Amino acid sequence: MQKRRVSKVLHQGYGPFLLPGLLLVGLVVGVPFLTNVVVSFTRWTGVGWPRFAGLANYRRALADSTFWASFQNNLILILAVTVIPTLLGLVVAMVLYDTVARRFGAGAVSVLKAGLYVPQVLPVVVAGIVWGWILDPGGGALNALLRAAGLSGLARSWLGDPATALPSVGGIMVWFQLGYPLVIFMAAVQRIDPQILEAAELDGARWRHRFHLVTHLIRPEILVVVLTTTIYALKLFGPIYVLTRGGPGTATIVPSYFAYQAFFERAQVGYGAAITTLMTVIILALTAFFIRAQHHQERAMEGR
Amino acid sequence: MKARKAIPVNEPQPAPEPGVGALRARGSVRSRRGRRNLTAWTVLLVLFLFMGLVLSPFLVVAMNAVKSATEYSNLGPLALPRHLTLEVIQRFWERVDFSGKLWNSFVISGSVAVLATLFALPSAFALGIGRLRGRAAYLVVFIVANTLPHEALAYPIYTFAKALGLYDTRLSVVIVFTVIQGAFGTYLLSSVLSAFPRELVEAALVDGCSKLQLLVRIVTPVSLPTLAVLFTFFFIWTWNEFFLPLILLVSDARQTVPIAVSVAQGQHNVDATMASASALLGFLPCIAFFLLFQRTLTRGVTAGSVK
C-alpha cells in the first residue's frame, strides 16, 4: 500500500508538463504540414478554394525536366556540402591532432581551428552575399585578382555562366561548411586514447594507416556529420536565393527554390506543395536511416 | 548549418576538455613532444596559408567597405584603402535603417531564445525526468518537428498568418521559431535530464515536493548550464534564419538583418563598395556573437555529438 503510493508519487503527474509542448507542435508544425500534404493533391492558386486534382501534381513533377534538374543539382551540392567538407575535415582534423598538436602545442591548434570555423558563424545568406560580391564579373575581387596575375583568360562571369555557376556555388558551400565537420572531428579525436596512436606509430604505422585507424575510431561522429549535412543540403535555399535565383536557366535550381517559385512567383501552390512533400519524404527517410544506423552502431560498439 | 546543424548535446556538463591541452601536458611530462622537423614546419605553413585563404574573403570585404567609391573605381577591389572612410557604411546604414534591422533581429532572436527555452523545459522534464510511457514516440514527434523542411510548412503558415492577422508581424516569426527550436530543445534537454540524479528526484518527491516544485526548485537550477547553451543556440539559429522570415516579413520596417542585406544586394543602384558594406554589416554581428559565445558554442556543437 505504502509502496504503491510512493510509486504513484514518483511516476505520475508528468503528463500536464508535456501537453502544452505537444499542442504547440501540433498547431504550429503538424497542422501546416498536413495542410501542405492535402494541398499537394489539389490545384490551387492561393486564392479561393483549392480543387481536388488527385495525383496530377506528382505526375507533373515526374514529367518536369526542371524538377529533375533541381534534384540533380541537389546531388552535386551534397558533394559540396557533405562529401568534400567531411573528407577535408577528416584530413585537417587528423593533421591538427597528429602533427600540429604534438609538435607545436594547443595554441596553434586552437588558432587554426577557430580560423577555419569562422565562415560557419555567418548566416548562410550573408556568406552568399560576400561571395556574390567577390565573384561579380565586373568589379569583383576574383576577376581582378586573375587579371592582376596575368590570367585574364580565366576571368569570367562565374555565376552567370551555366558551366561555372553550380561549381561556384559548390565551392562557396565547401568554404562555408568546412568548419563544422572539423570542430566535431577535433572533439572526437580527443576521446581516442593517445596511447593507441603512439603504439601504432612505434609499430611503424605510416600516416595513412594511422589516418585509417582514427577514421575507424570516430565513425559515430562521421555518421552524425554526414547525415546532418546531407539533410541540410537538401534544404539549401538561402545561397541560391541570393546568388543565382536558380539560374542561369536551370543551372543552379534546387528543390526548395523551385518550390518557392511555384508558391510565391507562379501561384502554383498545389505543385509547390507536391514538391515540398517529396522533399519531406526524402528527408524523413534519411532521418529514419540515420536513427537506425546510430542504434546499429551503438549496439556494435557495445558488443565489442 | 547550421539548424540546420541539429547536433545533439547529450551531456549535462561536458567533461572539461581533455583534448589537446592534456595531450600536450602528457607529452611534455614524458618529454615525448614530437620533433619539429622540416615536414612539420611545412605542414604548419600550409595550414596557416589555407586558413589565410579561408579568411581572405572577410579581409577583402572589410577592405572595400572602408574605401570611397571613387577610390574603388580607380584602383579596383584589391588595392589597400588609401583613406579610411566610414562614409559608405554610414550611407548603407542609413539607407536600410540598419539600427531598425538590428533591433528586429535582436527582438525576434531574443524572444525565441527565451520562449523556446521555456517551451523545452517542461516538455523535457516530462520526458527526461518523468519518463512517460511512449517516451520514444514523443521524442520522434519533437525531432521530426524540427527536421521537417520549412518549405513544407511555409505556404500554410503564410496563409494562416494572413487569416489570423499575424502576417508581416515579428510575432508570427517568434511563434513559429519558438516551436521549431523548442522542439529540438525538448529532444536535446530530455536526454540531458534522463541522466539527472534519480536519488535527488526521489528524495524530493517522497518528501512531498510537487512536480512543479521539483521542476522549478530543483531541476531548473541544476540544469542552468545546459539551458544557457540552448539559449545561445536558439538565439544564433534564429538570427541566421532566412526562408520563413523572408516569407512572413514583407514590409521593410519589420525585416531582419539577413533579409535586409539580401534585399539591398538585389537593388540596381547598389554599387560595389556599398555591397561590401552590406556584407560587412551582415557578418559583423555574427563575428561578435562568435567571440562572445565561443566557449559555449564549441562546447555545444561538439559535446556528446555521440552518446
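At what angle do helix H5 (residues 106-117) of chain A and helix H2 (residues 38-65) of chain B pack, and how far apart are their axes?

## Basis of the model

This is a predicted model, in which local features need pLDDT of at least 70, side-chain atom pairs count only at pLDDT 80 or more, and totals for chains, interfaces and linings use all residues. Residues are numbered from 1 along each chain as its sequence is written, while chains are lettered from A and ligands numbered from 1 in the order in which they are written.

## H5 of chain A against H2 of chain B

The two helices pack at an angle of about 30 degrees, and their axes are 9 Å apart. Axes here are lines fitted to C-alpha atoms, for helices over the stretch in contact, and angles run from 0 to 180 degrees between N-to-C directions. Helices (H or I, at least four residues) and strands (E, at least two) are DSSP runs, numbered from the N terminus. The angle makes H5(A) roughly parallel to H2(B); angles under 35 degrees count as roughly parallel, over 145 as roughly antiparallel, 65 to 115 as roughly perpendicular and the rest as oblique. The crossing of H5(A) and H2(B) is left-handed, a term used if the near helix is turned anticlockwise from the far one by less than a right angle, with right-handed used if clockwise.

On the H5(A) side, Ala108(A), Leu112(A), Gly115(A) and Leu116(A) make the contact, and they meet Leu44(B), Leu47(B), Met51(B), Val54(B) and Leu55(B) in H2(B). Two residues are in contact if their C-beta atoms, placed from the backbone, lie within 7 Å. By class, the contact of H5(A) with H2(B) has eight nonpolar residues, one polar and no charged. Ala, Val, Leu, Ile, Met, Phe, Trp, Tyr, Cys and Pro count as nonpolar, Asp, Glu, Lys and Arg as charged, and the others, Gly among them, as polar.

Met51(B) lies in helix H2 of chain B. Not counting residues up to four places away in sequence, Met51(B) touches Leu112(A), Gly115(A) and Leu116(A). Met51(B) is partly exposed, because 18 other C-beta atoms lie within 10 Å. A residue is buried if 20 or more other C-beta atoms lie within 10 Å of its own, exposed if 12 or fewer, and partly exposed in between, with C-beta atoms placed from the backbone. Met51(B) and Gly76(B) are 25 residues apart in sequence, and their C-alpha atoms are 24 Å apart in space.

## The whole interface between the chains

The contact between the chains takes 84 residues from chain A and 90 residues from chain B. On the side of chain B that touches chain A, helix H13 (residues 272-302) of chain B gives the most, with 14 residues. That side of chain B divides into 60 nonpolar, 19 polar and 11 charged residues.

## Other sites in chain A

In helix H7 (residues 141-148) of chain A, the residues Ala141(A), Leu142(A), Asn143(A) and Ala144(A) are buried. Their cover includes helix H6 (124-134) of chain A together with H2 of chain B. After H7(A) comes Gly150(A), with a positive phi near 75 degrees.

Ile76(A) is in helix H4 (residues 65-104) of chain A. With 16 other C-beta atoms within 10 Å, Ile76(A) is partly exposed. Ile76(A) touches Leu166(A) and Gly170(A), not counting residues up to four places away in sequence. Ile76(A) and Leu166(A) are 90 residues apart along the chain, and their C-alpha atoms are separated by 8.2 Å.

## Chain B: fold and domains

Chain B has 13 helices and zero strands. Of its 307 residues, 48% are buried. Among contacts in chain B between residues at least 6 apart in sequence, 80% join residues at least 24 apart. Helix H5 (residues 98-129) of chain B and helix H8 (residues 170-193) of chain B pack at about 35 degrees, with axes 6 Å apart. H5(B) passes H8(B) in a right-handed crossing. Their contact has 19 nonpolar, 12 polar and one charged residues.

Chain B is divided into domain 1 (24-88) and domain 2 (97-302), with bounds from an automatic or database domain assignment. The C-alpha centres of domain 1 of chain B and domain 2 of chain B lie 33 Å apart. Their contact takes nine residues from domain 1 of chain B and eight residues from domain 2 of chain B. On the domain 1 side, the elements giving two or more residues are H2 and helix H3 (69-75) of chain B. H2(B) supplies the largest share of that side, four residues.
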